[in-house]
2 protein chains.
Amino acid sequence: MQASKYHINTLKEAPAEAEVISHQLMTRAGMIRKAAGGIYTYMPLGLRVLHKIERIVREEMDRADAIELLMPMVQPAELWYESGRWEQYGPELLRLKDRHQRDFILQPTSEELITDIARNEIHSWRQLPLNFYHIQTKFRDERRPRFGLMRGREFTMKDAYSFDRDEASAQGSYDAMYDAYMRIFSRIGLEFRAVAADTGSIGGTRSHEFQVIADTGEDLIVYNPESQYAANMELAEAPCLLAERATPREDMVKASTPGAAKCELVARQLDRPLTDTVKSIVLATENAETRETAIWLLLLRGDHELNEIKASKVPGLEAGFRFATETEIQETFGCVPGYLGPVNTTRPVKVIADRTVANMSDFICGANAADYHYTGINWGRDLPEPDEVADLRNVVAGDPDPAGGTLAIQRGIEVGHVFFLGDKYSKAMNATFLETDGKPALLQMGCYGIGISRIAAAAIEQNHDGKGIIWPRAIAPFEVVICPMGWHKSETVRNTAQALHDALQERGVDVMLDDRDTRPGIMFADWELIGVPLRITVGDRGLKDGIVEVQARREAEASRIAPDDAVAQVMARLSSL
Amino acid sequence: MQASKYHINTLKEAPAEAEVISHQLMTRAGMIRKAAGGIYTYMPLGLRVLHKIERIVREEMDRADAIELLMPMVQPAELWYESGRWEQYGPELLRLKDRHQRDFILQPTSEELITDIARNEIHSWRQLPLNFYHIQTKFRDERRPRFGLMRGREFTMKDAYSFDRDEASAQGSYDAMYDAYMRIFSRIGLEFRAVAADTGSIGGTRSHEFQVIADTGEDLIVYNPESQYAANMELAEAPCLLAERATPREDMVKASTPGAAKCELVARQLDRPLTDTVKSIVLATENAETRETAIWLLLLRGDHELNEIKASKVPGLEAGFRFATETEIQETFGCVPGYLGPVNTTRPVKVIADRTVANMSDFICGANAADYHYTGINWGRDLPEPDEVADLRNVVAGDPDPAGGTLAIQRGIEVGHVFFLGDKYSKAMNATFLETDGKPALLQMGCYGIGISRIAAAAIEQNHDGKGIIWPRAIAPFEVVICPMGWHKSETVRNTAQALHDALQERGVDVMLDDRDTRPGIMFADWELIGVPLRITVGDRGLKDGIVEVQARREAEASRIAPDDAVAQVMARLSSL
């Protein structure tokens, strides 16, 4: 490829709205252009990256015997009525009407349509297992699209859907996808983790996210550096930090804590460690039939944070909860927030203690009186045992892993997700097949997504420096760029550069020859911004010394190599990039 | 590829709504499944065809130095306000609102967005020429979608847009695309014609359609079998069939023609050839300022048909016309339709004669009196010369080509279109670049479409028989299918079939091994329906005789070939399919 026949248009400045580095760099490098909020044109350089990602994904899906098809972007609402998601899905689901005022949606995902296809196509157990996938444009009408390709409205996703006879077989399909995903992200060349994830509202029993490790990631990953364990913060089990409850040593005392409405202030005023304090979080639930409100008091150690996903799994809270209003708090505790506690509440509340709180003794908590806390509280002696003990908190770095070792935390960007769905959709849409006994049985499903365009952004979040992007070779728009110094001036330079280009291209290398004849500084800056992994510089001065310069994007210095050795050297170096 | 790991699901019956053969066969072969009216899922076999077409298109576009990018499916309305097409485009343009009630469209084509990109990306003449293309899902909300992929609502299109400094350079870009299209359709393996076409409302000076020849096509192509000439019926110039006007030999006579309201009936009643009659077509135009209506009388020979596109090019009719109402006709001619003519009209009308009519003498036309026609009418003698002489009619087969030879007509399916746009969009959207003199100049544009999914349907309309589809090799879902007789029963059959499969696959052949072990009749019928160009049948009986059978889809009989020669034979035969 020659630059003069291509379109390269880098920008000095990123748009003001670009908050994250991948958005800034993809715009500056001319890889994306905004068409509307969260909607981008993939410019030629950006599309090359996308195509390379798609190719790897396609190859590995095919290798795993998944079968590619292509479902439409515009899908009929009827299927979404059937599954119930027409109602359940929020405004992210873009609903539209055709000229005959019939309802359609722009697919955010395709469970409904593929289940419809499956119930028409699959008749017998003999056809199973089956796994269909497609790589298609998706649309999710985010309220506030931002972060470029990290959270766009229109984006490219690979979604696969497996169909099996039973759960054991479905587990096999799940495992095959898990393995395919491991191969995909390894081939792409990113540092990533497969992370156990919450199954959330989709239900089912298993789910893993594939997270690209990056400090700018939105997700928190809990992992054990010494083992295979990794889980999303939402799911990661937090251990009880106290093996057993110590014998009480203090009396319960009502202490004045004026203005200390937070555990940190209480601890400071009373000169006690924060780990002696307990924070009170008040939730409310409504009984769907009686419409009566119940109040819940969740207790966490002062230095711990509530994990709402975990709270939503406490018996009685599964149907949904909200934080209590100040009025409800006043009515229940006879006190303003900030000084609440489980001792002597005005009305009955359900007390749920975090595992660690349940084993604390001589602890400090609000006295249900403004500006007062109790010290020396002990379970059983000063108040009844908690109604329930549960894992309510986020893991913190340094927490012991019950299986041994210590837990650590890092940030990640979710680029893939595998999900065991069971019969959620096949049941709602009556997707059955005939079993060996001739009786219809529900298809067991799994779904498996990869954010193709998001991977491009995540790769940049993980791999960049002050000069620009540093692409892993497998998804770089070009693997090698040849920068001739003085293209028009020197025939020797021109011939050498062209010969190198042709030789590399012949060997299957994706090589760009920059024949734009711009000044070296501008040319180098362009390719450093664009992030091509390897650069060859050809100049008259070097050629007189019998060398060209080869420099990897991550290297500070170039290597001087004889032109005749350059091709072999480049081929060798590429394999490690 | 093994059939047991693939999804093959043929149907005995096509859906009742499938009116055309491509729709019927693609559905029966399991290549498409309807998601909604005009919206289809491309099933695995169908998607393979699509991907092969896309690949050829992409390779030839790249070869022509067009640069691939990807514009979004959902595009902001603002750009369409600018171009004026938000108003002009009919209900085929699907307009939608996002959650913030902002207007968007689903792209039916991308002139607006690419012009927006061009005005931001192109600064200088040094960057020109540039040609951007994308292969992307399009949506056109057809009122009555039908004919399967021939006229779907959601479909895949390749659209390219060229940008040039001036018209001469733009002409070069146009020619390069024309040549690329010739290569594309040749490689796909279809019988096609490049046909001069009307530039219609888009304006500009040049346009060619690429038409796949098929009796079921919607378009009429006029061509000269002895020359390169080919044009769409809309555009094809119809010659004057009379070199000069003959001397009058009859007197004008008012003849009684009771009930003969059509030329055919008049000719029969008067026992005169149809070619002696002239038909009157009455049009109306409205003056935009005065709102006054003008009446136009168009005259065509009795056996000829009006070409409305040509009529719309007559001076005074360019701004639009309609057929006159019966009241208007009564007021102007004092007569009911069926007996109208240019002699003695009640009020003034503009008389436009087709070229042939202008040279007729002693002709027959309505007498502006119910049940009466004049015979022996002659221009100049019985009525003034026509106000205007124009080409108003459709060509008919047998018309002489003014350049020599005779014109013929065939039907075609439009699968590609190249268009010189000039500055239509760059002017409306102020897309300029800086010329050598430092002054801004408007970009000269061309646009170039290929209906990817439509090609699949057109290929079938052209290539099928009673058994099913006959794919050209280049876009067949598989090039070769191996049909083993008794896969489970015979190890020899299994080994031979597998060895053939592996050997062909190794040589890059797209080969399917049907290991489903269905009965031969069912297996053969499946692959004949699906249309794989070459079949190898492996059976115990044949192997005992030292042969396998090789049969092209178009052949009635199989060839018996030694297994050891099969691979070489298949490779040789494939190159001619």
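The following exercises with worked solutions concern a predicted two-chain model.

Local features of this predicted model need pLDDT of at least 70, and side-chain atom pairs count only at pLDDT 80 or more, while totals for chains, interfaces and linings use all residues. Residues are numbered from 1 along each chain as its sequence is written, chains are lettered from A in the order in which they are written, and side-chain values use heavy atoms, without hydrogens and water.

**Exercise 1.** Describe the overall build of chain A.

*Solution.* Step one is the secondary structure: chain A contains 16 helices and 31 strands, taken as DSSP runs (helices H or I, at least four residues; strands E, at least two) numbered from the N terminus. Step two is extent: the C-alpha trace spans about 90 × 70 × 50 Å along its principal axes. Step three is burial: 56% of the 577 residues of chain A count as buried, meaning under 20% relative accessible area with a 1.4 Å probe, protein chains only (exposed is over 50%, partly exposed in between).

**Exercise 2.** Determine how chain A is related to chain B.

*Solution.* Two copies of a chain are related by a rotation about an axis and a shift along it. The same surface serves both copies, since 100% of the contact residues of chain A recur in chain B; contact means heavy atoms within 4.5 Å. Of the residues of chain A, Leu96(A) comes closest to the axis, its C-alpha lying at 3.1 Å.

**Exercise 3.** Identify the buried residues of helix α1 in chain A and what covers them.

*Solution.* Helix α1 comprises residues 21-28, and its buried members are Ser22(A), His23(A), Leu25(A), Met26(A) and Thr27(A). Their cover includes strands β1 (32-36) and β2 (39-42) and helices α12 (452-462) and α14 (520-530) of chain A. Just after α1(A), Gly30(A) adopts a positive phi of about 75°.

**Exercise 4.** Is Ala319(B) buried or exposed?

*Solution.* First, locate the residue: Ala319(B) sits in the loop between α8 (308-311) and β16 (322-323) of chain B. Next, consider its relative accessible area of 84%: Ala319(B) is therefore exposed. Finally, Ala319(B) and Glu286(B), 33 residues apart in sequence, are 9.1 Å apart in space, C-alpha to C-alpha.

Note on methods:
Copies are superposed by least squares on the C-alpha atoms of residues with pLDDT of at least 70 in both.
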